[in-house]
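Visitor: I am new to this structure and would like a close look at a single part. Could you walk me through the salt bridges?

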Amino acid sequence: MDRNFRNLTAGNDQQIRHYDLSETVRIAKTTVRIVASFKRDDARISTRIASKFGRRRTSRTGHLLHIATKAIVALAVQRKETIVLENIEGIRSLYRKGNGEGRKYRGRMNGWSFGEAQRQIEYKARWVGLPIIRLSRRETRGSSLTCPRCGERLQSDKRLERKLWCGKCRIVMDRDMVAAVNLARRGRVRFARSRPPIPLEAQGRAVEAMKGNPTPTVIPVVDAPKLAQPTKS
């Protein structure tokens with residue numbers, strides 16, 4: 001799953017779904033404008049008004065995120081899949097004063113409820129017993145700029161907005177779709193690495209009897225294939 005300012009994108013190579021969250025951006029912008037419109041020079045009243053509208057904003061935004069995250073978890077359960085999340089720790093440091101961005105841009109990005117989306121997905125997944133894979137920064141590096149077909153670095157263009165194009169494949173792809181597919185693939189690699197190795201006996205292969213090798217105990221019925229089959233006369 002790829003989290004963005006205006007949407008959540010979930011899926012893999014077979015299917016991609018976008019969950020529009022532009023309404024949360026509008027709610028945040030409206031709340032800031034309403035709070036700024038009160039010009040009374042009283043710190044106590046200003047704080048009370050800001051808290052009131054802040055709680056209202058949190059409630060409305062949380063409800064919209066609830067609808068999207070509930071659909072994501074329900075689809076993962078239906079398709080018997082794992083949810084892969086990227087590491088977002090330290091993302092606030094990208095929008096600090098002195099980084100070169102404007103005040104309005106920093107305020108808009110710092111009002112982004114990316115952490116709430118992750119919190120809702122994680123507790124809903126735990127509730128239904130759905131596993132969660134959280135990738136590290138190293139594993140997610142370049143996930144939105146790598147072509148999922150050939151692995152080349154994608155190129156951007158201001159005229160394409162959130163579209164990227166691959167010079168080798170000669171195709172244009174959505175940035176969010178590219179990130180979701182790459183995260184799903186890297187999560188699959190992490191899952192494969194975390195699985196314990198399958199013993200040779202379970203693979204139906206014989207194990208050479210050597211000194212120091214543990215001798216597996218043969219349990220009748222359960223390990224029936226391990227028993228020697230009688231030869232036909």
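Visitor: To begin there, is Arg119 buried or partly exposed?

Guide: Happy to show you around, and please keep in mind that this is a predicted model. Arg119 has a relative accessible area of 45%, so it counts as partly exposed. Its salt-bridge partner is Glu116, and their closest N and O atoms are 2.7 Å apart. Glu116 is also partly exposed, because its relative accessibility is 26%. Both residues sit in helix α4, 3 residues apart, which is about one turn of the helix.

In total, the count comes to 8 salt bridges. As a general point, side chains of opposite charge can pair when their charged atoms come close.

Another pair reaches across the chain. Asp13 forms a salt bridge with Arg185, with 2.5 Å between the closest N and O atoms. Asp13 belongs to the loop between β2 and β3, while Arg185 is in helix α6, so this pair links distant parts of the chain, 172 residues apart. Asp13 is partly exposed at 36% relative accessibility, and Arg185 is partly exposed at 31%. Together with Arg188, Asp13 and Arg185 are linked in a network of salt bridges.

A further pair involves two strands. Lys163 forms a salt bridge with Asp174, the closest N and O atoms lying 4.0 Å apart. Lys163 is in strand β7 and Asp174 in strand β8, so the pair ties together parts that are 11 residues apart in sequence. Here Lys163 is partly exposed at 37% relative accessibility, whereas Asp174 is buried, with a relative accessible area of 17%.

Definitions and conventions
Residues numbered from 1 in each chain as written. Predicted model: local features only at pLDDT ≥ 70, side-chain atom pairs only at ≥ 80, totals over all residues. Heavy atoms only, no water. Salt bridge = Lys/Arg side-chain N within 4 Å of Asp/Glu carboxyl O. Helix = DSSP H or I, 4+ residues; strand = E, 2+ residues; numbered from the N terminus. Buried < 20%, exposed > 50% of the residue type's maximum accessible area, 1.4 Å probe, protein only.
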